[in-house]
Amino acid sequence: MVASTSLNVVPEDPTAYKTKEYWEQRYQQESPDTTFDWFKTHEELKPLFQGCIPHKDASILILGCGNSTLGEDMYRDGYKNITNIDYSGTVIENMKKRCEDMPDMKWLEMDIRALEFENESFDIIIDKGTMDALMCDRGDVWDPSEELVAEVKKEVDEVERVLKVGGSFIYITFGQPHFRKRHLVRDCWQVKTQTLGDAFHYFFYSMQKEKPSTPSS
Ligand SMILES: C[S@@+](CC[C@H](N)C(=O)[O-])C[C@H]1O[C@@H](n2cnc3c(N)ncnc32)[C@H](O)[C@@H]1O
């Protein structure tokens with residue numbers, strides 16, 4: 001496998017990260033066996049996952065999987081009920097081929113803001129860096145645009161809808177609580193924050209759904 005560190009895929013305009021065109025082009029440009037993990041790998045996240053993923057049979061949804069090794073490393077670690085989604089058809093096809101020896105893994109082309117699953121379908125939903133891509137915008141990070149807030153709300157509304165009661169939403173990001181908490185707060189869960197790393201901190205937010213969702217406005 002090729003670990004992608006090439007500066008060629010870094011966009012001139014960072015707001016490109018919030019567009020499907022950017023990701024599709026990036027994955028078409030890269031070799032199909034490229035891997036790139038934003039922030040942290042499964043090995044580093046494992047101790048934190050153990051605290052909130054109750055058992056290896058848990059149904060897990062990975063939002064915006066990209067070509068990260070997270071899903072396959074979790075599978076090798078014994079989690080067999082994993083669904084991976086991304087809106088880039090190219091990366092989904094590449095990942096399907098890369099993981100063809102993992103027959104139970106599901107790979108679906110889908111937008112995280114319009115999930116094609118029934119209500120309360122998953123025990124665990126993981127977002128590693130994907131909400132961050134939605135948030136790549138110009139303007140004041142302290143006072144994001146209404147449009148950005150609405151896009152992130154679509155994702156969190158969908159997560160709340162398809163997460164089972166008792167299940168957890170896990171979000172791994174570089175985004176500090178003062179920038180992220182406002183997007184994550186809901187009536188049905190408490191937001192718990194843990195930090196990872198020494199020199200540079202990453203954040204591990206976990207939200208356990210305690211009661212059924214109430215439709216939000
Ligand atoms: C920053 S990368 C993170 C990749 C991976 N989760 C990781 O940890 O390395 C964001 C990924 O989310 C996907 N993505 C961004 N917005 C999306 C959306 N609205 N629906 C589905 N996938 C999306 C992109 O195609 C890209 O693969």
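Is Gln190 buried or exposed, and how many C-beta neighbours does Gln190 have inside 10 Å?

Modeller: Keep in mind that this is a predicted model. Gln190 counts as exposed, because 10 C-beta neighbours lie inside 10 Å and the cut-off for exposed is 12 or fewer.

Now the setting. Gln190 belongs to strand 8. Strand 8 covers residues 189-196 and runs antiparallel to strand 9, residues 202-209. The two are joined by 8 bridges. Within this pairing, Val191 faces Met207 of strand 9. Gln190 itself can be set against Lys209: 19 residues separate them in sequence, yet their C-alpha atoms are 7.9 Å apart.

The turn comes next. Strands 8 and 9 make a hairpin, with 5 residues between them. Gly197 sits in that turn and has a positive phi of about 100 degrees.

Take Phe39. Its phi is near 70 degrees. Phe39 lies in the loop between strand 2 (34-35) and helix 2 (42-52). Phe39 is partly exposed, because 19 other C-beta atoms lie within 10 Å and burial needs 20 or more. Glu120 is another case, with a positive phi of about 50 degrees. Its loop runs between strand 5 (106-109) and strand 6 (122-128). Glu120 has 16 C-beta neighbours inside 10 Å, so Glu120 counts as partly exposed.

The largest nonpolar core holds 40 residues. Ile60, Ile62 and Ile125 have the most contacts inside this core. Strand 7 (residues 163-173) gives the most to the core, with 5 residues. Ile125 shows how such contacts reach across the sequence. Neighbours within four places aside, Ile125 touches Leu61, Leu63, Val159, Leu163 and Phe169.

Last, the ligand. There are 21 residues around the ligand. Those that come nearest are Trp23, Gly64, Gly66, Ser68 and Lys128. Helix 5 (residues 130-134) gives the most to this shell, with 3 residues. By type, the shell divides into 10 nonpolar, 6 polar and 5 charged residues.

Definitions and conventions: Residues numbered from 1 in each chain as written. Predicted model: local features only at pLDDT ≥ 70, side-chain atom pairs only at ≥ 80, totals over all residues. Pairing = 2+ DSSP bridges. Helix = DSSP H or I, 4+ residues; strand = E, 2+ residues; numbered from the N terminus. Near = placed C-beta within 6 Å. Nonpolar A, V, L, I, M, F, W, Y, C, P; charged D, E, K, R; others polar. Core = buried A, V, L, I, M, F, W, Y, C linked by C-beta atoms within 7 Å. Contact = placed C-beta atoms within 7 Å.
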